[in-house]
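Please open the structure in your viewer and keep the selection panel at hand. The stops below go from one chain to the other.

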Amino acid sequence: MTHKNHTSRREFLRTAAAATASLALASPSLAQSPARVVVIGGGFGGASCARALRQLDPSLDVTLVTADRQYVACPFSNEVIAGDRAIEAQQFTYEKTAAAGIKVVVQMAQTIDPQARTIGLADGSTLRYDRLVLSPGIDLRFDALAGYDEAAASRMPHAWKAGEQTLLLRRQLEAMDDGGVVAIVVPANPFRCPPGPYERASLIAHYLKTRKPRAKLIILDSKDAFSKQRLFQAAWQELYPGLIEWVALSQGGKVTSVDPATNTLVTDFATHHVQVANVIPPQRAGRIAEIAGVTDKSGWCPINPVSLESTQVPNIHVIGDACIAGAMPKSAFSANAQAKTCAGAIVALLAGATPTSPKLINTCYSLVAPDYGISIAGVYQPRNGLFADIEGAGGTSPLDAPRDVRAREAIYARSWFETIGAEVFG
Amino acid sequence: MASALINVPATARRGDIIEIKTLMSHIMETGFRHTVTGEAIPRNIITNFTCRYNGDEVFRADLFPAFSANPFISFFTVATESGKFEFQWIGDNGFQETASASITVT
């Protein structure tokens, strides 16, 4: 196995194109040519999986298909919104992925033919696979909340995919007058990053408290409970008393329509006019999953938790936010763990072996303030076709921990991001 | 504790069909669950909801264990005259809550 430290984009697209052409001509005999695994999606799940595949079996022919040359990570993007972090700290590229012997193809995958095992790319070219991994993340549903379509997102940012939307929400907060009201609209489960809306509320509150002390924040929630709820609420009481109002579903928190022209949020029982509206709409698996036929009527992808293989389409595996993972939350940490499990299963399956039942770990850190971290951790194993929580493993930060524990957890959170970024993209 | 949310249009024109929405906070314990030590958790649900419009009953619902916690009930009626909507929820263990809202019909 040879490592190139640097491959120019042109060179590497040429290599990829040549490889595609030669594969198209090659005999389908698996005995003579290396097995072809294509991974679609260049986030934490897909980029992790491509790397893990090459590490487990350097003879594999691994291609990573990603829509963008650059990946903008969601974890810690709430700090960008709060003005404590530059967006550049969220940006990753695929040079090191390519250097690891993975063909990186910067294209939208548009079609998938599970019978022929081919993928059609936006430039008209075709990729063949023996095993396909889909890690498409989420699509925001612009048909699920009355008034909230793609155009509305430019007035009422979701900021639930990091990048321009993150910066838009940041600019709106900066432009808001002291005394304004910020609203965060939270969808029903399941959605990407269950504690994310509450971390966001916390960090925005931190910004408001220090820069716009007369402003308020209201969370309009379609749920009656949320991740790390007691820890968040205790911290809000301690750090931001009277600043954050959480309106649960049973208190009329579910937003039923929005009007971006007037920044109005309507629930079944009230109408809220706010200065900044962060609307996080319902979500589903990224579009390519539906095209591949691996989504069910929920919009997400049922999988066999041992192999992460779709229960609906053979030879296609689904990892990360798009899959139905039972007790495992939709997080970068989960996607990374699932990616490694999936890679191991694929290597076993290609060798004609049966994948062994895995145990996976997830930890979600949240910052309540820049120096105040809390976490929830879990260990999971396959049971009844889903990932089930192993009881007694994991847990949350203690409710009564002193501030130095919270400060250390904030440091652990930052260390985790450095580590996963380096492992997946570095 | 129990609390009601209601949404009745403040104004309407005579003959308009209006939507009324209600939500009552309630645990709606089914009676089918057990504690970790195996004891049955007794049923505790709302069993009945009524709405009166200037004294006349315009909507009634019976509720059962399959209803979700914090039941949300919405229905339509015709705005006939200005006055008062009165809502009542009745349930197990002597549960009783009321709420009211006024409407001006022109």
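What share of the 106 residues in chain B is buried? In this predicted model, buried residues make up 18% of chain B. Of the contacts in chain B between residues at least 6 apart in sequence, 58% join residues at least 24 apart.

Next, move to chain A and select A:Val39, A:Cys49, A:Leu134, A:Ile204, A:Cys301, A:Val318 and A:Cys323, which are the residues with the most contacts inside the largest nonpolar core, a set of 117 residues. Helix 9 of chain A, residues 332-350, gives the most to this core, with 10 residues. Colour domain 1 (9-137 + 286-354) and domain 2 (145-282) of chain A separately: both give residues to the core, so it lies between them.

Now centre the view on A:Cys49, which, leaving aside neighbours within four places in sequence, is in contact with A:Val39, A:Val133, A:Ser135, A:Ile319, A:Ala339, A:Cys342 and A:Ala343. For the last stop, select B:Ile20, B:Cys51, B:Phe85 and B:Phe87, which are among the 8 residues of another core, lying apart from the largest one.

Notes: Residues numbered from 1 in each chain as written. Chains lettered and ligands numbered in written order. Predicted model: local features only at pLDDT ≥ 70, side-chain atom pairs only at ≥ 80, totals over all residues. Core = buried A, V, L, I, M, F, W, Y, C linked by C-beta atoms within 7 Å. Buried ≥ 20, exposed ≤ 12 C-beta atoms within 10 Å, placed from the backbone. Helix = DSSP H or I, 4+ residues; strand = E, 2+ residues; numbered from the N terminus. Domains from an automatic or database assignment. Contact = placed C-beta atoms within 7 Å.
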